[in-house]
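Subject: Model handover

Hello,

Here is the structure you asked for. My notes follow below.

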Amino acid sequence: MKQVVQNYKSGELAVLDVPVPGCKPGGVLVRSAYSLISTGTELMKVSEAGMSMLGKARSRPDQVAKVMQSVATSGVPATYRKVMGKLDSYTPLGYSLCGVVEQVGTGIDDVRVGDFVACAGNEHALHAELNWVPRNLYAPVPDGLAPRHAAFGTVGSIAMQGVRRGEPQLGDVALVIGLGLIGQLVVQLLVASGVRVVGVDPDPTRCGLAERLGAAACSDPASAAVEAAVAELTDGRGVDQVYLAAGAGSNQPVELAARLCRDRGRVVDIGKCRLDLPWNAYYEKELDVRFSRSYGPGRYDPAYELEGRDYPIGYVRWTERRNLACFLDLVARGRVDVEPLVSHVAAFDDAVETYRRLKDGALKAVAVLFRYPERAGDGEAEAPAVAVPAVHVQRSPARAAETPVRLAFVGAGNYATSMLLPHLARRDGVELSTVVTTTALSATNARRKFGFAEATTDLDAVLGDKSVDAVFVVTRHSSHAELTRKALLAGKAVFVEKPLALTEDELAGVLAAVEDSGNDRLQVGFNRRFAPLLNEARERFGARTGPASLRYLINAGRLQHGSWYLQQATEGSRFEGEGGHFIDTASWLLGADPVSVYALAPSGNEDLQVVLRYPDGSTAALSYVTTGAPGFPKETLDLVADGKVLRLDDFVRASVYGPEKWVSSRLPRARDKGQNAELAAFIKAVRTGGPMPVPLESLVATTAATLAVRAGLAGGTPVTLARAR
């Protein structure tokens, strides 16, 4: 098997062929799927190995003290031979991974061959194809948690133990100094605990990432913004806890901690931070300085780690293993999101080059994963797939609505009141019957502004009203699938804003309602295919005979802090919320539904690159970016095929280059993304009983493709869209 090693004397890094470890009793043999590079601890070791002997001595005074003790007891020659022999040996790297159980040792009954486990330990969770891991240093991976996310288990446990040492309480305010990998996880764990967080880091990119992940404010340690944020959040009293997750040699973190911590607050050292405590500052506030020892109780205890002797839960609630399992559970339930931390995924065979790029600064990263070669039987050997459910329905005859068509709205938020209701309120042959919201006042406001006949908070009453022809679902994303399902079962035509569903199970539930009721009168708010300018450009482009290449740049921009779009645990990712728009537009232009999805997040932020492949060989590349210039157009699209090019500039201008060139009017025109035409098509279908504007099969395929982006990011490989029969 192969393993990443380093010679501490020369600094050489290598991927060596080494023997496969045996599967001893009390543990399991694990084949690695992903292992995580600790960009703090490991890079420190790699950097130290490249130093001169004097530099090594200066960086490790603790080891120098041991050498001097050995000289006193064994003499210089023997000590020299011992030290040189140890330095001139290969040592392993790595301590956090996820893999598949390949063999189970005697005495193990909680996992089986083929199970995924997250593993910990700098002797047992190495960057190697196979590792033997004792009982208390692995935890089963919860169902549905991607292996690449489970590989964060060890560093997550380190962050979790640090937070536990701080003893945060609901409503506390905490300061996190250092927003590297551990710091970012500490921020999320504190936010999940009901703590408001201020972050400190000299890197503005890391500050921005921490804010997107829930921090109230983040800035450079020298900035006055940090002190201002602390003063505002604490009424000038200072933070309740400070978490030192920085690794630099400066004493600035402990000085900043003393200045911003409240009287009798707690300072927790998680990273390897210089701790020259300013005596007066810490004494006058009687600050409680605590150390956090790695993954939790059990660390460095051979009886616990190697012999598998657990500590009774009544005496030690959170051990190494229980911290590991707890962190995996939080990630699986969406309370902690590690995907935005992944800056790069490298093939295991490229390990040496990856470390070199990290050390030289060519690769700037919060977290880097090694992906290991797949092997038959590993559980991820087959290409990942997302099912595209088949639509099986005995359609009930669609009834034509009488004029006027009576509509009910469930939800009256910003999109409904700005992009839908203004078109419907002035449309002949439409009656706004009832608006349903969770708060009485918002329903009353919508009724007053748009002329609804009634306003209520009772959804069941609306669904039971036989005079209502169609229901618009315009609520938060997490409720779309369930509300759509209920409305379909009630026999209503349904217009639901994107997304239709956030999970495969939710999508299956909607289709089950279609099948049970025979009601397939469903439209999802994919409005761009109805945009007049894009339709004109498509007509000018004409039919094609060969495969096409489509490029779609979405300059989405950053969301304001506090936006509910950032609540990924409940509302899904931002792309899951609106990505269906762009996939639907691409599929409509290419005249087919995609057969595979490949997704990358190269920057470690919300930026995405999504490549869709179509049955005839056509491809669509979507660049969904949040880091672009605000003044640049939001959407630009190019379609190339058969010697022709279609260009769309943000729904304001369009052009087609081919045998004849066509350019839309140069006069300023309003940006029309198709909402009005889409609503007209939906109302016509409801009024006449004719087919819905977009086939249900297409809505399902687009939703499945959007969901496949998450699976693609988790697996790092193309995801097949498997159509059920």
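Which residues does aspartate 650 touch, not counting residues up to four places away in sequence? They are Pro633, Lys634, Glu635 and Arg671, where contact means heavy atoms within 4.5 Å. Aspartate 650 is found in the loop between strand E29 (644-649) and strand E30 (653-657). Helices (H or I, at least four residues) and strands (E, at least two) are DSSP runs, numbered from the N terminus. Aspartate 650 is buried, at 7% relative accessible area; buried means under 20% (1.4 Å probe, protein chains only).

This is a predicted model: local features need pLDDT of at least 70, side-chain atom pairs count only at pLDDT 80 or more, and totals for chains, interfaces and linings use all residues. Residues are numbered from 1 along each chain as its sequence is written, and side-chain values use heavy atoms, with hydrogens and water left out.

Next, helix H13 (residues 320-332). Ten of its 13 residues are buried, among them Arg321, Phe327 and Leu330. The buried residues of H13 pack against several elements, including strand E6 (116-120), helix H6 (153-166) and helix H7 (181-192). The end C-alpha atoms of H13 are 19 Å apart, which agrees with the 18 Å its 13 residues should span at 1.5 Å a residue; the expected span is 1.5 Å times one less than the number of residues. Just after H13, glycine 334 takes a positive phi of about 80 degrees.

Regards

Definitions and conventions: Buried < 20%, exposed > 50% of the residue type's maximum accessible area, 1.4 Å probe, protein only.
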